[in-house]
Amino acid sequence: MLGKLFGRGGERAAVADPYALPGERRRKGESYRLRALGDRRVLAVVQAAGRGDWEGVKAGLEPFDLGRDHQVLGELVGVGGVEEWIGQAVEGDAEHRAAALLISGARHVTWGWEARTSARAVDVTREQWQVFGERLAIAEEQLLAAVELESGWVTPWRWLLTSGRGMSLGDDVNRARFDAALRREPLDLDIHVDWLSQLQPRWGGGQGEALAFAREALQRAPQGHRLGCVIATARIEEWVESDGGDCLETDEIRAELRAAAEHSILHPSYVRSPGWQYDFNTFAVALSLAGERHTVRRVFQALDGARTEWPWDYFADPEEQFDRRARRG
């Protein structure tokens, strides 16, 4: 029954129309926040998690491969309160212990960052740092235990990269984790994006290092592969790190972003699986920050108002920014 849950069911099929969540009712020209990756099945998993219904979570995860699907796992562990009941599944469900460990470990990473908040390090209190460290320590133990049980899974390594960065485990440890993830999925976008964060100056990376990494990754990506989003992400991070809001407004950057979009999300081979809107929103932000007008219009048209939390949460007014940039595009 749970073959795909444990990574034995092969590739997940692209989302079919019967599973697509309808967009929220809104006035013309206004956006809406995407729920549960825009997929009814993911919504059922999220709702079961909110009820503390482990059996319902397992049943809802049947169509997905939790050991490889970062986005579905991310939706699940973003549910507040999961940490209150998932420990019982870890201890009491021997058959699905690896999945329970993965969910609990990833939830503790998210829960840890919730305690730390997004404030600058100098503004985080001593008490916040303590709670942050305690939760990440639990996450580390559980994620590594999940890896021991299911060595082929890639999703634990993505969360281990995040916890390793938060715990300042050092370049050698984090690089080893990145390499372990790529051995399992060489073209995994989420792993590349997490490593891109590691290469940012705010985490000790060198100037231009992240962009060079993104360009090398794009060269390895087949046409229609979502890994092309790493270029858009790198440019957004460059904007975040910059003191100038117009730092992306050059002909060279616009051309690079157009080429990456055509290579990935706008290519006929691109598969719109659950959460595809995150890829399109990434390019929507990057292209609009670069002042590009033609390709960004195609991206916004495809989204039809569907706004994801990231990367719009870099703005103080995400909804207004989406709507304004969509109209301008």
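Is Arg-116 buried or exposed? The points below take up this question and then turn to the backbone, the salt bridges and the surface patches.

1. Basis of the note. The model is predicted, so local features are reported where pLDDT is at least 70 and side-chain atom pairs count only at pLDDT 80 or more, whereas totals for chains, interfaces and linings use all residues. Residues are numbered from 1 along each chain as its sequence is written, and side-chain values use heavy atoms, with hydrogens and water left out.

2. Arg-116. With a relative accessibility of 9%, Arg-116 counts as buried, where buried means under 20% relative accessible area, exposed means over 50% and partly exposed lies in between, for a 1.4 Å probe and protein chains only. Arg-116 is placed in helix H5, residues 97-116; helices (H or I, at least four residues) and strands (E, at least two) are DSSP runs numbered from the N terminus. Between Arg-116 and Pro-201 there are 85 residues in sequence, and their C-alpha atoms are 20 Å apart in space.

3. Backbone geometry. Most residues other than glycine have a negative phi, and most peptide bonds are trans. The bond joining Trp-310 and Pro-311 is a cis peptide bond, with omega about 5°, and Pro-311 is found in helix H15, residues 309-312. Ala-36 has a positive phi, near 50°, and sits in the loop between strand E1 (32-33) and helix H1 (40-51), where its relative accessible area of 6% makes it buried. Asp-304 likewise has a positive phi near 50°; its place is the loop between helix H14 (294-303) and strand E2 (306-307), and at 53% relative accessibility Asp-304 is exposed.

4. Side chains of opposite charge can pair when their charged atoms come close. The whole structure holds 24 salt bridges, each defined as a side-chain nitrogen of Lys or Arg within 4 Å of a carboxyl oxygen of Asp or Glu. One of them pairs Arg-220 with Glu-216, with 2.8 Å between the closest N and O atoms. Because these two residues are 4 residues apart in helix H10 (residues 209-220), about one helical turn separates Arg-220 from Glu-216. Arg-220 is partly exposed at a relative accessible area of 33%, and Glu-216 is also partly exposed, at 35%.

5. Salt bridges between separate elements. Glu-292 and Arg-258 form a salt bridge whose closest N and O atoms are 3.5 Å apart. Glu-292 lies in the loop between helix H13 (276-289) and H14, while Arg-258 belongs to helix H12 (residues 251-263), so this pair ties together parts that are 34 residues apart in sequence. Glu-292 is buried at 4% relative accessibility, whereas Arg-258 is partly exposed at 33%. A further salt bridge joins the side chains of Glu-262 and Arg-298, at 2.6 Å from N to O. Here too distant parts of the chain are linked, with Glu-262 in helix H12 and Arg-298 in helix H14, 36 residues apart. Glu-262 is partly exposed at 35% relative accessibility, and Arg-298 is partly exposed at 31%.

6. Surface patches. Patches consist of residues with over 30% relative accessible area and no salt bridge, with like charges joined within 9 Å and nonpolar side chains (Val, Leu, Ile, Met, Phe, Trp, Tyr) joined within 5 Å; accessible areas come from the Shrake-Rupley method with a 1.4 Å probe, and for residues only the protein chains shown count as cover. Met-167, Leu-169 and Val-173 make up a nonpolar surface patch with about 190 Å² of accessible area together. Val-173 is in helix H8, residues 171-184, and is partly exposed at a relative accessible area of 32%.

7. The positive patch. Arg-293, Arg-297, Arg-324, Arg-327 and Arg-328 gather on the surface in a patch of positive charge. Lys and Arg count as positive and Asp and Glu as negative, while His and the chain ends are not counted; the place of a charge is taken as NZ of Lys, CZ of Arg, CG of Asp or CD of Glu. Helix H16 (residues 318-328) supplies the largest share of the positive patch, 3 residues. Arg-293 comes from the loop between H13 and H14 and is partly exposed, at 45% relative accessibility.
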